[in-house]
Structures are given as C-alpha cells and as structure tokens.
Amino acid sequence: MTEAPGEIRPDHSAPHDGLLSAQSGHPQGDGMPGPGAPGWSRVYGLAVLMVVGLGLYTLGEPFGRDQGIHATIAYAWTEGLIPYRDVYNIKPPFTTVMHALSQVLFGAQTQAIRLLDWVAVAASVLGLVRVLQMLGRSRAEAGFAALGFALIYYSLTYWEHAQTDGWAGMMVIPSLLCLLSGWRRAGRARLGWMLAAGALLGVGVGFKYTIAAAGLLVFAPLISGGPALRFRLTDLLAYVAGGALVLGLTGLVLARAGALGPFLEIQDYIRGYIAYGSDSAAPLRGVTVLFTLVPLVGWITLLGLLPWLAALMRGESLFVAITAIWGVTAFVSGQVQGKGFAYHFMPLIPVYAVLFGLFLAALHGALMRRVTSAVGARMLIGLAVIWMVVTSPISGRSLQSFTLWLRQAPLTAYHATYPMPPDFDIAAVNDFAATLARHRAPGDRLFVWGYETMLYLLAQEPPRYRYAYAWPFVVDFHDGRYSNDLMHRLRAAPPKHVILQDGDATPWVTGRPESSLEFLAQFEDLNAFLAESYEVIETTERFRLLERRD
C-alpha cells in the first residue's frame, strides 16, 4: 500500500482502527521516522549546536529580581526550610523545584539556574524538531525552526531567561509529543500516551497555571477531522487524569510537609495582585513584545504565516490545527495575566519558531529552484542567517562575554555589563553582599526588609523569618494578616543584622509608589523594634545595614 506523504500511521505492533493522514505535502515517508532517520540526525545535531553557540553567553548572566527570589526560596528548601510554610512564596511549586534541582546539580550560586536553563532550552529545541518530524514536515523547516527558537529566546534579556512562563511553555512540547504518539496507537498504548501527555502538561501547570489552556491541544483531531484520526472521549479522560495525577501528588506532598494550607492561603491572598490586570496590555503588544529587540526575526516570523496559510489551503489539517491551537492558547496564557511583561508571552516562542522555520524553508526551496548552483543558494541562506545573528543582541553580548573571559574577569564583572532598570541594580547588590560579608560570621541570623532576596543566597544564610521579601506587606491590598506573625518571629530570635532597602519601588507590582525603606514608617511595630535594638553600621545608596546593639 502506498503511504501518503506526512501520514501519521498507527503502530502496527498493536491493534488499531486507523488514523487520519496528516497530509503535509512533504515527502518524509510516513511522517514518523526515528530520530536517526537519514538526514534527521544532522538536524538534531545542528539544533543542539545552535543552542550551545547562541546561548553560551547566558552562563555569565546575573540574577534578575525574580531569579533571585526563587533561587533563595530553593536554597532555603535545601537548608531544611519548607516553602510556603517556612518561606513565603507566591509561585506554584515547580519553579522552586527547578531552582533547587539547579543548585543540587551545580551548587548554590547565581549561575546554577543559567546552566540548567541552557539544558532545558536545548531539550525543548530538540523536542520541537521531533514534533515537526512527527508531523511530516521537512528537515529544512525543522532546522530553521530550531534556529528561530534559539534566536528569539537568546535575544531576550537576562530578566526573561530562566523564567517560570518560559519553562511552562517548554513543557507543552513533550506533552504534544506524547499526544502525537498516542494518536497513532490504539488500546492501552494509546491511553498510556494520553496519560503521559496530561501528566507533562500538569508539570507545566505546576510552573504557571495559565499554561493549562494548552490542554485544548487534545482536541486537535476533533478540529482537523478526517475518516481515520478520530477524537475519542477516552483520550480526554486519560489526558485529564494524567494532569490531575501530577497536581494531586503535588498537593499530597505539600500536605505531608505541612505546606498545603499555607500554599492555598497565599494563592488566595495574591488575587489582589492578579486584579492589577484590569489595565491589560493591548493584544498587539502581546503578540509583538518578544520581538522588541529583534524586529528582523519578527518580520520573518510574520511572513511565516504565508506558508502556514498555504498548508491550510493544501488541507494539512492536523498540522494547521495544532499550530493554531498552540498559538492561541500560548497568547491567552500571557494576555490573561494582564501585565504585558515579555516573559509572560514566552509560551509563544515554539509557535513563532515554527512560523520562522516555515518561511525560511520556503525561501530556501525557492532559491534552490532558481539559483543555478545549489551551493550558491545555500550560501545566500547562510549569509542571511549570519546577518540575523549579527544584527541581534546575541552577537554583542557574546563578544562582550568572550572579551571578559579572555581577561579572566570575575562573574561580578560580567554582571556589571548588563543594563539595569531604575528599581534594580545587580552591581549594587553584589557590592553590598561583599560589604555584608565583612560584618558577618557563619551562623549569624539575617533579615532583609526589601525586594532583593538574593542577598540571603549571596550571604549563604537562609531566610529564617518566613518573609524573604517585603512584598506581602507593601502591596496596597495588605490587610495586616502577616504583621503579627513577622513580629513574633523577629522577637523570638532577633537577627544580628537587618538590611533595609531603598530604591526598590515597583508600583506595577505593589500598587504603591514607596520603596521598602519608605514604607517602613507605616509599619509601626517593625520600625519601633529596629529603632529600639539596632544601629546603622553601613550605608550605601540602596541599602542600610543595621546591627543589633547587644
């Protein structure tokens, strides 16, 4: 029997009732070749090289504020403090798990999460290549999609790298791979793949709740239609069961640790923060925010809609349905958060990468047909790729990092080269951490009243007073629920040193214009406690270091 190009065929090792041919118009056999199929091994190898090469400079990136917060919470966990119960945390648990894993693998240091994020991006790019391979797309499309993923991701800033939304979006890729594997099978094998797909998306939800919208991918066969590839109710039930299993086990672990109650209370509390989304960003900004630093890549991605529409016209229904659902749900994941931050829209990166790959592959095909020399056509495409890399922020950052590496500069020198927003300065944080180290002895208790929780990690002293940052107290919806608890903890075991932070006002996060230091005057109990027992021993533009008098 002749196989249709791009057909997703059932696994003949088990009984089946047939699946829809996903006509892709690309002569890739049955659309499900193994990773080592002729020519594809080269695509996988090049995909890894692109991530390694374009992302190498990120190993010298500093923490942003978010990375500092989550790394500190993870460090506290490795020191025996339970997140939510012993250390305040507003995020779902898998962000903490990711940071803790990085510290177990690479040590409790600022570069640990950069290393693990590098690995996560490489795995995601390989997974995206496999998705396109399983959908019967061409090697050129898959290879250029890998390039697009790396270009878009690494053109973003240190603030967006190693972010919760990025990891949540990456988890959609292995979940989709399981769906694709399940759709070509029947019986228990099919249910097993659907269960695994739901479980992997459940992990994504454990990073960011809004990624749950990607669960609509399970309905892709229903939308694409066809006589063979059918949507089954058992697919949905197994898919939901897989996600529920992961989230249920996560809740059980939290409950056994005594953290489920605090976790639920915190999630209820932060609804006030979610309400800030009433001034939601315009949808167009949500679509384009990832391209503010790389407009050329943005235009290429936009042009990728042309071959995507051509695929729609050719009836490549499954590919079109998957990319459409994926793109819409990724956009929704960012838009419903209502802030317009670039990293909230990072789940769109794989879809943008596919569009990027579609256009460049089409351009490559057109050049191969019209340029007399195949070598000449490839040289033109190669020059275009080099131009995109050179005109992206990646080239300048990589050159700067390479120069510092040749000089054997310390990591703080790398950190100091990055532009900082008015409310955050990593160089000032690093300098103050060095100042703090001159006054501390191992085991000295520390309390930070401010937003730079990374000072705990840099001092190698976990936050023992539960509230690792001042955020829960300085938000405009604080109702006083945490004040007595904090004061009880401070009085029960007074810290030797207290850090007060100025210049960290973030009204888009707190709803208030005051910095942590300015807000202290409104927290009368804490202000009186510090005035009674502490004196200032060091002052910088952003920090004050207090030491207990006795």
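Helix H6 (164–183) contributes the largest share of the lining of the second largest cavity, three residues (helices are DSSP runs of H or I with at least four residues, numbered from the N terminus). In this predicted model, local features need pLDDT of at least 70 and side-chain atom pairs count only at pLDDT 80 or more, while totals for chains, interfaces and linings use all residues. Residues are numbered from 1 along each chain as its sequence is written, and side-chain values use heavy atoms, without hydrogens and water.

H5, H6 and helix H16 (349–370) each supply at least two lining residues of the second largest cavity. The lining consists of Phe149, Tyr153, Gly166, Gly169, Met170, Met346, Ile349 and Pro350 (lining residues have an atom within 4 Å of a point of the cavity, a set of points on a 1 Å grid over the protein atoms alone where a 1.4 Å probe fits but cannot get out). By class, six are nonpolar, two polar and none charged (Ala, Val, Leu, Ile, Met, Phe, Trp, Tyr, Cys and Pro count as nonpolar, Asp, Glu, Lys and Arg as charged, and the others, Gly among them, as polar). The space in this cavity is about 50 Å³ (the volume filled by probe spheres set on the points, which are joined across faces, edges and corners).

Three cavities of 30 Å³ or more are present in the structure. The largest holds about 80 Å³, and its lining comprises five nonpolar, four polar and three charged residues, including Tyr451, Trp471, Asp504, Arg512 and Glu514.

Definitions and conventions
1 Å grid on protein atoms, 1.4 Å probe; cavity = no way out; pocket = protein on both sides within 12 Å on 5 of 7 lines; lining within 4 Å.
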